[in-house]
Amino acid sequence: VRIGVLGQGTVGGSFSKLLRERQSQIELVTGTKISEAGTLTRSSGSFTEILDNADVIVEAIGGVNDAADYVTEALQAKKHVITANKQLLAEQGQQLWRLAKENQVQLRFEAAVGGVVPIVRTIQEALAVSPIDAVHGIVNGTTNFILSEMESKGLGYQEALGLAQEKGYAESDPADDVQGRDAAAKLAILSLLAFGTTVNLSDIAYRGIEEISPADINYASKLGLSIKLLASAERIDGGLSVSVEPVFLDQAHPLSQVHGSHNAVMIESTVFNEITLSGPGAGGNETATAVLGDLISIITGGASLPEHTEDLQITSEIISPYYLHLEISDRPGVLSEVAQVLADLKISIESVVQEAVSSTAADAQLILVLHQSKSTEVDKACQELAKLKPVHGRPRAVRVMHSSA
Ligand SMILES: NC(=O)c1ccc[n+]([C@@H]2O[C@H](COP(=O)([O-])OP(=O)(O)OC[C@H]3O[C@@H](n4cnc5c(N)ncnc54)[C@H](OP(=O)(O)O)[C@@H]3O)[C@@H](O)[C@H]2O)c1
């Protein structure tokens, strides 16, 4: 089997190196002789030549346009393709999977979600015919690192972002990561795998971590909660609710212990309760390891393509407990005004913490944890609460998730 490698950056370069280092082991395990059919960068190599000489194309150039052209051409030429490109799959996955099927070749993408964490093959193979009720993932290492630093060291958002950039966990333009778009692209892929339903990037209401303040984290920790940016797809009322947003998790929740730049995905099912997989979500060697696993599967003939099996109605509605943070004037009667707004929307309160901003200040922070509520009702509550005179600024609502154990 001859392998052509497009891109020689962090992932492509590590993969080519790994291929040379592991050649004899790969040949031993698969009983197949392997060789590299050429590499492509912006300044070296010829795609046409590589395509002619290869049986498998590894796409590790990133971006959408050129990657889409190369992958399309490779599939049309009946070459198997391995890609680490979540953006490409989130935007054009359906067409590419169809093309792979028509040409009877494989399109594999383990590295596109969760780096080395084998989530794609777990859903696609181990759980291929098991009913899945929900998938919740920490699928962006940059934001998990930032939130972990804010939580453990009490840093502000900007400070933690600066540290992530210094350590190479965040790019100089971190917008896609911190605004939740990267996680949304991965969620689109996970949703198709787990529910057989096409979810477009535009279907996903995504919210990032930029508005999370040290005060939120501080109060939540008093309530025994820790914060994660979660990408969630869950069956609700016969439809599929998809969202990317910061969520407070209780300490017993399997995803609450995933710290730093690690990724983790939790799969829920009435049949097997819960499976959580975690590990490094990025890095050259880590991602290349996932690509290598895909190569072994192709050589040994594993795995089917994701099938479109269900047309679930996509929604961003969630039913969940919520944390609500209000800045208020510290005077009698405010709590009852707030409670009245919530009661009018049939939202009930689980617990309340009120703290003065300082011993002399007339302002206070009011933190409420709400019982199970519809996200649309909580949004309405935030709008109504913002109109109350004693409420300053914009109320912040964050979903709270408890462990099912
Ligand atoms: N880095 C990670 O940890 C990680 C983790 C999971 C998934 N991924 C995904 O893996 C893919 C590659 O990421 P990366 O971090 O390896 O990127 P990278 O370090 O920027 O490397 C990109 C490589 O592709 C080449 N390239 C870019 N555009 C090209 C074009 N139009 N034609 C030919 N060659 C082109 C570049 O060539 P030059 O050398 O000439 O610039 C470079 O060698 C992306 O889809 C990314 O989302 C990365």
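In the predicted model, a polar backbone atom of Arg 42 sits 3.0 Å from an oxygen atom of the ligand, a polar contact in the sense used here (a pair of N or O atoms within 3.5 Å; within protein, one must be able to donate a hydrogen and the other to accept it, and residues adjacent in sequence count only if both atoms are side-chain atoms). For Gly 283, the gap between a polar backbone atom and an oxygen atom of the ligand comes to 2.7 Å. On its own the ligand has 900 Å² of accessible area, and the protein covers 74% of that; accessible areas come from the Shrake-Rupley method with a 1.4 Å probe, and for residues only the protein chains shown count as cover.

A word on the ground rules: residues are numbered from 1 along each chain as its sequence is written. Because this is a predicted model, local features need pLDDT of at least 70 and side-chain atom pairs count only at pLDDT 80 or more, while totals for chains, interfaces and linings use all residues, and side-chain values use heavy atoms, with hydrogens and water left out.

Turning to charges, the structure holds 19 salt bridges, each being a side-chain nitrogen of Lys or Arg within 4 Å of a carboxyl oxygen of Asp or Glu. One of them pairs Asp 294 with Arg 108, whose closest N and O atoms are 3.3 Å apart. This bridge links distant parts of the chain, with Asp 294 in helix α12 (residues 284-300) and Arg 108 in strand β5 (residues 107-108), 186 residues apart. Both partners are out of the way: Asp 294 is buried at a relative accessible area of 1%, and Arg 108 is buried too, at 5%. Here buried means under 20% relative accessible area, exposed over 50%, and partly exposed in between (1.4 Å probe, protein chains only). The two also belong to a network of salt bridges that takes in Arg 108, Glu 110, Arg 121, Glu 125 and Asp 294.Another bridge runs between Asp 216 and Arg 396, with 2.8 Å between the closest N and O atoms. Asp 216 lies in helix α11 (residues 214-222) and Arg 396 in strand β16 (residues 391-401), so this pair ties together parts that are 180 residues apart in sequence. At 0% relative accessibility, Asp 216 counts as buried. Lys 153 and Glu 149 also form a salt bridge, their closest N and O atoms being 2.6 Å apart. These two are four residues apart in helix α7 (residues 141-153), which means about one helical turn separates them. Lys 153 is exposed, at a relative accessible area of 54%, whereas Glu 149 is buried at 10%.

Aromatic pairs come to four in this structure. In one of these, the ring centres of Phe 47 and Tyr 70 are 4.3 Å apart and the planes meet at 35°, so the pair is tilted. Rings of Phe, Tyr and Trp (its six-membered ring) pair if their centres lie within 6.5 Å, and planes under 30 degrees apart count as stacked, over 60 as edge-to-face and the rest as tilted. Phe 47 in helix α3 (residues 47-53) and Tyr 70 in helix α4 (residues 65-76) are 23 residues apart, and their pairing links distant parts of the chain. Phe 47 is buried at 9% relative accessibility, while Tyr 70 is partly exposed at 22%.

Then there is the backbone. Gln 104, a residue other than glycine, has a positive phi, near 55°. Gln 104 is found in the loop between α5 (86-102) and β5 and is exposed, with a relative accessible area of 72%. Asp 237, likewise not a glycine, has a positive phi near 50°. The loop between β8 (225-236) and β9 (239-250) holds Asp 237, which is exposed at 73%.
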